[in-house]
Each structure stands twice: as C-alpha cells, then as structure tokens.
Amino acid sequence: MAMQNDIGAEELVGIESALSNMLGTKLKDLKQVYGGRNSKVYHLVCENSEDYIAKVYFHHELDKRDRLGIEFSSLKFLWDNGVRCVPKPITMDTDKKIGIYEYIHGREILSEEVTHADIDHLTNFLTILKELRIESGSDKIPAASAACFSIGGICKIVEERLNRLLGTQKTDTGYKELHDFLNDEFIPLFNKIVDGSKTNLKNNDWPFDSEISKEERTLSPSDFGFHNAIRKNNGEIIFIDFEYFGWDDPVKMISDF
C-alpha cells in the first residue's frame, strides 16, 4: 500500500477500509491528490489494477449543502442522458460522505494553452446542459450554489457577502484597508446601482424580486471553467467538480465563467 506523507496512518486505514467495502475489492495503492476546504480527493488502485477517484466531502452542521448527493446525482443524470465529457459516477456512501468516480488519465489545462477549439468544446457543453433541462429527472435537480433568479436575488447575495467581509474584526493594516474600501467606495457605489436598478425596473413595470421563468433557466456547473477541467491524453476535455451544480440564470452562469 503506497501512502503519501500527508495522510495519517489512522486516517489511511479508515479510508482504505471504507473504499474496499464500497468497491468490494482490496486496494493496491492509495494516494491523496488534493485536500481543500470542501473535500479530500484520493487516487486509488484496486488489486485488479482498475483505478478510481474517491472524494471525502466536507460536512458541518452549519453547512447544510449535500455536496456528495448533488455531485453524484448530477453526474448520474448527465451520464444517463449520454453526456461523456464528465467522470462516470461509480458508487457512494452517504453515511461516510464518500463518492467514487471514474479516474481520468490526463493533466490540468493551463490558461495560456487554451485554444478556440477548447472554448468551443466548453460552450457546446453548456448548450447540452440547456437542452437537458426538459429531460426526465431534471425537475429533481436543486438550484445551483448561489443561484440568482431575480435582480433582488443578485443584490441579496452581494449583501450577504458584503456583510461577511464587514464582520471581520481583525485590526491589522490589511483589514483596515479592506473596511475603508468597502465603506468609502464599494457601499456607496453598490447602493447607487441598486437604487438606479429599482428606478429602471419601476419605469418598465418589472418587480425588483420578479424571478425568471423555469423555461428561461438552465442547468449550470456554477464553478465552471478550465480550472475545473482535465485534458485527457488523447486531447479530449473532461469537466470535473459538480458540487455546486443545479438550476441558474444563464446570465449568472456566463458571469461565473
């Protein structure tokens, strides 16, 4: 059993046991390849030499998002509808918050190497998501993370993030400069834009909190771009990371990208 240095022995044994049970086979190799705030990612190789990616999802009582359920069910929905530019979902354990997926042999995509053909591939994928909005099962997909269906909704999200920044009370120079910028520049401009939007909406008989119709919405990866894509050895691009997938305004989706 291979082990990366940053995986503790006790953690390794627990993960190895869980993954072996999920796959019904013993593991030959296990390496942690990523460990962020939201999940830890492992590359595992079974005794039969088949390899997979396993994600152990972050879970906290203050964060109600079902990251595992959203990503696994989203990828299953896409695979069930013939989409192959995403990893195949293999199995999951909801109690242990672990998902196992197809391992993609390839490498990250550097921004300076992106071609027009790559961008076409990306926009074609978004077009496919738009078409899938009417397929069976799409109605069970939740709203994307930080989805916005109205102008009021956009303003609410900005206000929530603004309040989190204003709530930081550390006294070093960087935080003081941040607060000065927010209070002296950002907040006055934000309020001016919101007031102007409300006036324009009123003049056009459009309610501030009026949401776009379901027909105008699309399915969105939310955190979408070449930073969440892998180029396979044959040049094909595979999109990864669907923890935030769901319904959103196409304009918001484009802004995310």
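In E9, which residue is the bridge partner of Ala229? The partner is Phe239, and the pair belongs to a predicted model, in which local features need pLDDT of at least 70 and side-chain atom pairs count only at pLDDT 80 or more, while totals for chains, interfaces and linings use all residues. Residues are numbered from 1 along each chain as its sequence is written, and side-chain values use heavy atoms, with hydrogens and water left out.

Three bridges join E8 to E9, and these two strands run antiparallel; helices (H or I, at least four residues) and strands (E, at least two) are DSSP runs, numbered from the N terminus. They belong to an open sheet of three strands, with antiparallel pairing and the order E6-E8-E9, where two strands pair if DSSP finds at least two bridges between them. Strand E6 (106–108) and strand E9 (237–239) are the edge strands, each pairing on one side only. On average, neighbouring strands of this sheet are turned by 35 degrees against each other, direction ignored. H3 packs on the sheet, touching E8 and E9, and its direction makes about 40 degrees with that of E9. Contact here means heavy atoms within 4.5 Å, and axes are lines fitted to C-alpha atoms, for helices over the stretch in contact, with angles running from 0 to 180 degrees between N-to-C directions.

The loop between helix H3 (116–131) and helix H4 (151–166) holds Ala146, which has a positive phi of about 60 degrees although it is not a glycine. Most residues other than glycine have a negative phi. Ala146 is partly exposed, with a relative accessible area of 28%; buried means under 20% relative accessible area, exposed over 50%, and partly exposed in between (1.4 Å probe, protein chains only). Ser222 likewise has a positive phi, of about 70 degrees, without being a glycine, and its place is in the loop between strand E7 (218–220) and strand E8 (229–232). Ser222 is buried, with a relative accessible area of 9%.

For H4, the 16 residues should span 22 Å at 1.5 Å a residue, and its end C-alpha atoms are 22 Å apart, which agrees; the expected span is 1.5 Å times one less than the number of residues. Gly152, Cys155, Ile157 and Leu162 are buried in H4, and what covers the buried residues of this helix includes helix H5 (173–203).

Elsewhere, Val56 lies in strand E3 (residues 51–57) and is partly exposed, with a relative accessible area of 22%. The C-alpha atoms of Val56 and Tyr42 are separated by 8.3 Å, the two residues being 14 residues apart along the chain.
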